[in-house]
Amino acid sequence: MPEVKSKFPTEVVELPSKGLLYPEGHPLSSGTIEIKYMTAREEDILTSANLIQQGVVIDQLLKSLIVTEFDYGDLFVGDKNAIMLAARIFGYGKIYSNEITCMECDQKEEVDIDLTTLEYKKIDSKKYNKKNVYEFTLPNSNRKVEYRFLQHRDEEEVQKELTRMAKTSKGLSREVTTRLRYQLLSIDGGSDKKDINNFVLNEFFAVDSKAFRENYADLMPDVDFTVGFICNSCGHTDTDLELPIAVNFFWPSR
Ligand SMILES: [Zn+2]
């Protein structure tokens with residue numbers, strides 16, 4: 001089949017991972033990805049979305065925009081965020097209008113965020129390997145765990161499991177434990193899936209789980225979505241507010 005995509009102007013996007021997480025020879029190990037500008041074809045994809053499908057539709061959109069050839073499932077989550085951000089800027093411009101609720105006075109503020117001011121988290125190249133295996137010692141139990149950073153295909157599995165479980169769990173969210181089960185590769189050298197599941201559900205102390213997740217979030221190459229916020233009503237200042245990626249990220253109202 002002829003490559004239709006490449007007739008459009010393209011843009012090279014740098015990846016937060018700098019390609020360090022991908023195996024040698026992988027197209028993304030260069031640390032960049034080529035994407036094309038959004039056209040009417042992508043707008044078709046976006047307008048076919050209903051609220052429930054939005055996660056899936058963003059993946060369809062990104063797949064349609066990516067020119068670099070590789071298995072989409074290989075994408076690390078933070079890199080996907082960067083592509084999503086770039087696609088939004090190329091497609092609808094850099095200003096993202098969003099409503100932020102003040103933590104102090106509950107007042108809702110309309111804010112315009114310049115998306116080009118968002119930066120990637122600083123990463124120390126020496127800390128990453130192409131095997132995607134990392135070690136962490138849990139501060140409370142002192143147990144040694146091995147873990148990996150999740151890729152798109154893992155996130156898809158996590159989401160599928162969560163959807164399945166939601167039908168039976170009556171509102172109880174299993175998001176934290178489900179994701180942990182996918183991230184963990186071994187506990188004290190043991191890599192049996194059953195043992196890992198049992199550990200996550202019964203032995204993973206909250207202090208340890210919190211420390212693990214903080215370490216994971218610190219190390220995971222990603223876009224830094226934190227923004228500064230000053231409340232016009234009460235003057236409350238927040239220097240590291242996580243930018244909410246709402247429905248209108250790709251469906252701007254104006
Ligand atoms: Zn306020």
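Predicted model: local features only at pLDDT ≥ 70, side-chain atom pairs only at ≥ 80, totals over all residues.
The chain falls into two parts, with domain 1 covering residues 5–115 and domain 2 covering residues 129–219. Taken over C-alpha atoms, the centres of domain 1 and domain 2 lie 26 Å apart. To the contact, domain 1 contributes 16 residues and domain 2 contributes ten residues. About 1,000 Å² is buried between domain 1 and domain 2, and carbon and sulfur atoms account for 51% of this area.

Polar and charged groups also take part in the interface. Ten residue pairs are found in polar contact across the interface of domain 1 and domain 2, counting pairs in which both residues reach pLDDT 80 or more. On the side of domain 1 that touches domain 2, the residues comprise eight nonpolar, three polar and five charged. Two salt bridges are counted between domain 1 and domain 2.

Attention now turns to the metal site. The zinc ion has four protein donors, the SG atoms of C102, C105, C231 and C234, at 2.3 to 2.4 Å. Along the chain, these donors follow the spacing C-x2-C-x125-C-x2-C. The arrangement around the zinc ion is tetrahedral because the four donor atoms subtend angles of 107 to 111 degrees. For comparison, the ideal angle for four tetrahedral donors at a metal is 109.5 degrees.

How values were computed:
Residues numbered from 1 in each chain as written. Heavy atoms only, no water. Domains from an automatic or database assignment. Contact = heavy atoms within 4.5 Å. Buried area = accessible area lost by both parts, 1.4 Å probe. Salt bridge = Lys/Arg side-chain N within 4 Å of Asp/Glu carboxyl O. Polar contact = N/O pair within 3.5 Å; in protein donor to acceptor, adjacent residues only side chain to side chain. Nonpolar A, V, L, I, M, F, W, Y, C, P; charged D, E, K, R; others polar. Donors = N, O, S within 2.8 Å, 3.2 Å for Na, K, Ca; no water. Tetrahedral: all angles 85-135°; square planar, octahedral: opposite > 155°, others 65-115°.
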